[in-house]
Amino acid sequence: MASKKRVGILISGRGSNMMSLIAAARAADYPAEIACVVSNRPEAEGLFKAAGAGLPTRSIDHKLSADREAFEAELDATLRSFGVDLVACAGFMRLMTAGFVERWRDRMLNIHPSLLPAFKGLDTHARAIAAGVKLTGCTVHIVRSEVDSGPILAQAAVPVLDGDTPESLGARVLDAEHRLYPHALSLFVSGAIRIAGERALYPQARINQGKPLFWPPIE
Ligand code: GRF
């Protein structure tokens, strides 16, 4: 196998998506390895989980940085010091400047808990329930400077059930996130996806033969 791409994971909190990437990357045939985990919050639970999994961790407290540029310069230098090829944001709650995003253009991924471009921003599950959609889900996309935008690499659709609360729906979506992110990252680093402007294309399209996904299902 070609040499593995080195991934730096950015977190701010719990780190459950980070752990799903770490677990996937343990497989010998996974095309990426986790080089480091960086948090902008020193108390992030995910930092302790990553250290427990034997990974190098760094915390760069944005509150101690002079400004956004200084924070990002330190973040950039840290990622480069670990030989990172690709950045995976996983619950990283910091807005990034256009300059930082450009430095990692087409090399920075994010996971968002909705079917983008619907429900950008926060409180996605409460808003999906209020809107009455029958399917919501999660999206892995390339990061662009506008929040929650950029070429969509992969999505998982998750049904919204009548009695759902934001918590119950969030848990169902999170399960899907944990499967989608390692899958999308693997496809991306193995070259199955080509970025053409603002679209991600699958030149060897082999996805579901284009069949629609129904909810409720048609038996
Ligand atoms: C996830 O729902 C992710 O989609 C969003 O923030 C949450 C992070 O959760 N960006 P975790 O830290 O990965 O557990």
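The shell around the ligand in this predicted model is made up of two nonpolar, five polar and two charged residues. In this division, Ala, Val, Leu, Ile, Met, Phe, Trp, Tyr, Cys and Pro count as nonpolar, Asp, Glu, Lys and Arg as charged, and the others, Gly among them, as polar. The shell consists of Arg-14, Gly-15, Ser-16, Asn-17, Gly-91, Ile-111, His-112, Pro-113 and Glu-177, where a residue is included if one of its heavy atoms lies within 4 Å of the ligand. Residues are numbered from 1 along each chain as its sequence is written, and side-chain values use heavy atoms, without hydrogens and water. Local features need pLDDT of at least 70 and side-chain atom pairs pLDDT 80 or more, whereas totals for chains, interfaces and linings use all residues.

Both α1 (16-25) and β5 (108-112) supply at least two residues of this shell; helices (H or I, at least four residues) and strands (E, at least two) are DSSP runs numbered from the N terminus. Because domain 1 (1-104) and domain 2 (110-207) both give residues to the shell, the ligand lies between them. The domain bounds come from an automatic or database domain assignment.

Most residues other than glycine have a negative phi, and most peptide bonds are trans. Asp-106, which is not a glycine, has a positive phi of about 60° and is found in the loop between α4 (98-103) and β5. A cis peptide bond, with omega about 10°, joins Leu-116 and Pro-117; Pro-117 is placed in the loop between β5 and α5 (124-131). The bond from Trp-215 to Pro-216 is likewise cis, with omega near -5°, and Pro-216 lies in the segment after β9 (199-201).
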